[in-house]
Amino acid sequence: MLPACLEDAGSYHAWLRQLEDYREQIAFFGFMPGRAPRYAEDYDGVYGSWLEPLQITPYRHQAATFRALEAGHNVVVATPTASGKSLCYQLPTLRTLSGGGSALYLFPTKALAHDQLGKLHAMAAPFGLQDMVASYDGDTPRAARADLRRNARCLFSNPDMIHYGVLPYHRGWSRWLGGLELIVIDELHSYRGVFGTHVANLLRRLLRIAEHYGARPQIVAASATIGNPAAHARNLTGRDFVAVSQDDAAQAERELIFWQPARLSAEGAPERRRSLHSEAAALAAHFAASGLKSIFFCNSRLSAELVARYASDQLPEADADRVQSYRAGYTADDRRALEEGFRSGAVRLLSATSALELGVDIGDVDAVVLVGYPGSLTALWQRAGRAGRRGRRALTLLIPAEDPLDSYYLRHPEAITEGRLEHAVADAFNTEIWPRHVRCAAAEKPVTVGEDILGTATDTDLAALDGLVRRGRAWSYERRYPHRAIALRGSGGPQIRLRDGDGKTLGVSDPATALRELHPGAVYLHQGDNYLVRNLDLAAGEVVLLPHIDTYYTRARSDTDIEMLMADAYPAEALLDPEHGSRWGLRTGRVRVSTRVTSYVRKRLYSDAVLDERGLELPDIAYPTQALWFSVAAVAGAVPAHLLPSALHALEHTLIGLLPAFVLCERADVGGVSYPLHPASGEPLIVIYDGYPGGVGYARAGAARFRSWLGAACELLRDCPCPDGCPRCILSPKCGNGNQYLDKAAARQLAEALLAHPVAFQIEA
């Protein structure tokens, strides 16, 4: 079945080629046929008595989940969007409640929890169990919380609320914890990186306290399709899992298109293409005018605002409001209004960031457009799954951004259509985060060596943790409420409120983001409106915004310094020729990163022309983290001495841009610095670091695949058609000094010399 606007063309591919100003932008086209559902007609397990009144015949993968649960296993269901994962935990919940047990549903956000709460209420109603289900989050009234502690059965919550509101006061929750038979962890794949590291510790603490009250709950987890669902679930919980990954739900026909921005330069001239935002906006305006219900997923707040703004400007005034932006920083009321407008059809197109929760039902979607590669194949296919939920043919269209990763996939589309899904990363024993959770665990109940929350830690390790006190074999934390020192997500700093001139709150930000995007003089886009930052008061936690009518936007510039703290004894040495590895080569370890926003550039809307650059006096952002670094001293002679700084800088940019092709991370998750002469070692170095305090293993994972990673960078530097460097190979949107002093040819020569040197990176993990 096709949308009305496609009836004559017969396909999205043909329809797009009929655009009046089509300029051969389709670089790749693939068609994925639909599939009929495969049902388990013969399922006769314990959940059959619950399926019959609901008139549901389970898919085969749902029945496989039920059988694994009946056998006593913990189960993770890792199947695509709209494959019926919810039923896999809803029926076990109904069975648990009917038998007198209690249950916990964990969601990464309140929005997802509230959406699923309504669905379980409706499913529980025929059995008279709906009153046993309630939400417990930051919106729960104080008066209701005491009643939940006394009478709770099935709670819908999030990790933050369990951390702040349950575990510190577990004695008041003893009845519920003692009866806990089932834990549901939805959106398991979202618990990776820093957030995943926190949640891994939180879940171990929760299971530990439940066991203290005599419970050993079974766990059902639901995830998007990732490469290591069972291993990731174990990393998060410490428990073994059975994975169900086969999808037997119906699948709509899907067209996959890679759409390059229109070429602007003449044949034979250096390639120049229309900007990503302008190209996306032109498509967005056409989709909205044609009646297609679409989501344009952008990779930054600014991108989402610009696409919506540019698209609205191309529509008749009466239709301009049918295109809206949706991103983090909006108030909850604004986001709910946008969701309802899209669901009802009043809004036809959302230009959204990942803040648009993929588990929330917002109705039918015809097309998903990815404005830039979203950072991982897992994210790409999960976003793509938003379209085609009602059996109608769907479109997934990728507009590659001008950066190394997008260029890599544009040249290798098979890496998307046939590529291996990435493995999620969560390090429960992160050196910065884990000690804080140990203090919380010890405050909740004294810890002893050998417990899962402690990993391989010894009494000597625990003695080094500030605040722990030994009593016999156990360690306690006897200060008050260490939980408040932990923020499970974000920078952990206080919130910065964004207010307009009348004092109305427009949204919130964290301090690090505020220094980059809300400094004095910055232009801030909010729901299509321009605001100028009048002042930023970090102490008061407030930014004051004034209406702004000029046609420019701003980008911050910064300087970053790296202090080496401690190199690892491994694994980098194992990756190198041991005879030469200590003389130069790849190392991993701990560093301290200090960044200062020094100025901002004003750029003209649409053309991106630079108007001027203005200086700033702002405090540093500093934190310890994990990094990899390598010296090029042994091959520095491959490029002229005066070009070495530019070669290092360009190669650093290319490596950072390509890392997400080899490690499950996003470009924004890592940073880098190059030194023609590092002040401590006296050598030319490239440093690539995790962009989060403590680090989560991205740089170390990159070190394990360094030879392939460096080879891909060398290939891109060699094959990119630009003469001197462009955003597809060496220019970076994150560059703190505005992409000054880069040399593409010298970077290629340096990369080739590294690959050819006798001290090559031999072993791939």
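Student: What makes helix H4 oblique to helix H5?
Tutor: The axes of H4 (residues 85-98) and H5 (residues 110-124) come within 11 Å and cross at roughly 50°. Under 35 degrees would be roughly parallel, over 145 roughly antiparallel, 65 to 115 roughly perpendicular, and the rest is oblique. That is why H4 counts as oblique to H5. This is a predicted model, where local features need pLDDT of at least 70 and side-chain atom pairs count only at pLDDT 80 or more, while totals for chains, interfaces and linings use all residues. Residues are numbered from 1 along each chain as its sequence is written, and side-chain values use heavy atoms, with hydrogens and water left out.

Student: Which residues of H4 and H5 meet?
Tutor: Contact means heavy atoms within 4.5 Å. On the H4 side you'll find Ser86, Leu87, Tyr89, Gln90, Leu91, Thr93 and Leu94, and they meet Gln116, Lys119, Leu120, Met123 and Ala124 of H5. By class, that contact has seven nonpolar, four polar and one charged residues.

Student: Why is helix H17 called largely enclosed?
Tutor: Buried means under 20% relative accessible area, against over 50% for exposed and in between for partly exposed (1.4 Å probe, protein chains only). Nine of the eleven residues of H17 (residues 434-444) are buried, so H17 is largely enclosed by the rest of the structure. Among the buried ones are Trp434, His437 and Arg439. The buried residues of H17 pack against elements including helix H7 (159-166) and helix H9 (193-212).

Student: How do you know that Asp406 is buried?
Tutor: Its relative accessible area is 4%, so Asp406 falls under the cut-off and is buried. Asp406 is found in helix H15 (residues 404-411). Leaving aside neighbours within four places in sequence, Asp406 is in contact with Gly372, Tyr373, Ile399, Pro400 and Ala401.

Student: What is the phi of Glu187, and is Glu187 buried or exposed?
Tutor: Most residues other than glycine have a negative phi. Phi of Glu187 is near 55°, a positive value in a residue other than glycine. Glu187 has a relative accessible area of 13%, so Glu187 is buried. You'll find Glu187 in the loop between strand E6 (180-185) and H9.

Student: Where is Tyr481?
Tutor: Tyr481 sits in the loop between E16 and strand E17 (496-500). Phi of Tyr481 is near 45°, again positive in a residue other than glycine.

Conventions
Axes are lines fitted to C-alpha atoms, for helices over the stretch in contact, and angles run from 0 to 180 degrees between N-to-C directions. Helices (H or I, at least four residues) and strands (E, at least two) are DSSP runs, numbered from the N terminus. Ala, Val, Leu, Ile, Met, Phe, Trp, Tyr, Cys and Pro count as nonpolar, Asp, Glu, Lys and Arg as charged, and the others, Gly among them, as polar.
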